Amino acid sequence: MKVRSDIVVIGGGLAGITAAMRAASLGREVTVIRKAYGATAVGCGAFDVLGTHGGDLLHSAFDLRKGAQYAPPHDLFRLITRRPAHPYALFVEQDEGSEKAVWKSFRPRFDVAASFILDRLAKAGYELEGSAEAITPHPTAMGTLRWTNFAPVSIHRGNVNGWRKGGVVFVGIDGVDTFDTAFASRSLSALLAEQGSADAGSFDARTVTLPWGRKQGGMTPAEVARELDDPERRESFVAAVESELAGQDADHLVMAPVLGIDSHAETLHLLEKRTGARVCEPIIPAPHAIHGLRLQKALDRALESAGVRLVQAHVAGFDAAGSVIRMLRGEGDDGPFEAEARRFVLATGRFFGGGLVSQNGMRETVFNLPIYHGGRPVRERPPFALLRERYWSRQPAFEAGLRAGRDLRPVDGTGRVAYANLHAAGSILGGFDLAADGTGQGVDALTGYEAGSLAAKDVQA
Ligand SMILES: Cc1cc2nc3c(=O)[nH]c(=O)nc-3n(C[C@H](O)[C@H](O)[C@H](O)COP(=O)(O)OP(=O)(O)OC[C@H]3O[C@@H](n4cnc5c(N)ncnc54)[C@H](O)[C@@H]3O)c2cc1C
């Protein structure tokens, strides 16, 4: 198989699809090559833009009484001061000096990129709510709180700031053991009681039995969610919830996060209509998260609507003439394939997506580009230099990735642009810890959008 287009994007996660749709929106012919789903498809549902205190989202203690103490100008300034290689540093005018000026230069660029992808996701049936200006607290499946900027509507409806002291019921499903409603409701009510917004033990927990029976040995959330995409099953499930809650004064339901994959919004609205309560799903981390799978499927639908061709293949090699990439080679479903383009975008993710591997040292898998940390290629360092002894320390190994300039062109081991017609986007870029610093999907959206714009502009030139 041979593919020819203006631009080829390698990688079909949040970053690659944003880049591809942006380039297509500028009139370019674009192909995305993807070997499989990556990190995007297992996301927990939190779309983080900016952690507090300079990239410490997961390590910060938040108190509902004080709010999140989230101050974007200060937090962004601190983030890029503490992590100068963070991709956000490429999008701010640092010589402006003050916190406010830095935020003022970043915010409009971020907003344009975020609106671009959020609009397309909403049209594809996956609506996110929130803002880069605020972070809000949502329940998790463990009964803790997770603060984030944007979240799909089903999570955002669970902003606990709006809860009254009682009236909250956690609803689990018999046979789905990943959401222990008794444990989650007790933990969360105790946590909120400590912070003055609930009475300990005041949340109720119920379990619903699937009316059509269940598989022996239990079911995964994804299996139940697939069943709830079926309108008849959805209807009978909602009736079962309604009957379980009969006589209960519930104004918030925290439902097991299994309401459907392609049509969870329908289940949510039907539940709200029939129970009269506000319904939400908790945030749930991989491997059981369905939120990421929904996001990935909505991205795929949006990509199709944008007229971008998606090829399932593993890119394993390339041909270049000097510093210009001519062609990619790989293995597709129908055998060997080749892809020619004038510009390429590398959005292959990190270890989860397959963009980086760690075998005899860390390396990038398609172009063998050097991986950087702290301004230096990591191959110059012994592997243990990238790990810190303390479990909760910042781990350099999780912040290492490609280094690129403001034009998002990755550099070689000497710091020069590696290939004139290659841009990089998303988590393949280094300088941030995508799981811990509270900027993960924000980086993907911003760098994906910018890489798509730059590649499209180059094709025109
Ligand atoms: C454990 C974990 C927790 C996280 N938690 C959060 C969070 O709470 N909040 C948040 O905002 N962000 C979070 N993130 C970050 C966020 O999920 C990632 O930044 C994002 O999903 C990465 O998107 P991506 O497009 O860069 O990569 P991916 O989604 O990984 O996509 C990479 C793509 O490249 C393809 N690919 C790779 N190599 C090849 C090849 N040779 N040929 C063809 N295709 C190839 C893969 O198949 C895949 O399609 C987390 C990430 C992880 C890993």
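## Helix α9

In this predicted model, the buried residues of helix α9 are His 291, Gly 292, Arg 294, Leu 295, Gln 296, Ala 298, Leu 299, Ala 302 and Leu 303. An α-helix has 3.6 residues a turn, so residues three or four places apart point the same way.

Helix α9 runs over residues 291-305, 15 residues in total. From its first C-alpha to its last it reaches 21 Å, close to the 21 Å expected at 1.5 Å a residue. After α9 comes Gly 307, which has a positive phi near 75 degrees.

## Helices α2 and α3

Helix α2 covers residues 72-82 and helix α3 covers residues 99-123. Their axes come within 8 Å and cross at roughly 90 degrees. An angle of 65 to 115 degrees counts as roughly perpendicular, and α2 and α3 are therefore roughly perpendicular to each other.

On the α2 side, the contact is made by Pro 72, Pro 73, His 74, Leu 76 and Phe 77. In α3, the residues they meet are Glu 99, Lys 100, Val 102, Trp 103 and Phe 106. Sorted by class, this contact of α2 with α3 has seven nonpolar residues, one polar residue and two charged residues.

## Around the ligand

The ligand has 39 residues around it, of which Gly 13, Gly 38, Gly 349, Gly 353 and Gly 440 come nearest. The elements giving two or more residues to this shell are helices α1 (14-25) and α10 (440-460), together with strands β2 (30-34) and β11 (309-321).

By class, the shell around the ligand holds 17 nonpolar, 18 polar and four charged residues.

Definitions and conventions:
Residues numbered from 1 in each chain as written. Predicted model: local features only at pLDDT ≥ 70, side-chain atom pairs only at ≥ 80, totals over all residues. Axes fitted to C-alpha atoms, helices over the stretch in contact; angles between N-to-C directions. Helix = DSSP H or I, 4+ residues; strand = E, 2+ residues; numbered from the N terminus. Parallel < 35°, antiparallel > 145°, perpendicular 65-115°, else oblique. Contact = placed C-beta atoms within 7 Å. Nonpolar A, V, L, I, M, F, W, Y, C, P; charged D, E, K, R; others polar. Near = placed C-beta within 6 Å. Expected span 1.5 Å × (residues − 1). Buried ≥ 20, exposed ≤ 12 C-beta atoms within 10 Å, placed from the backbone.
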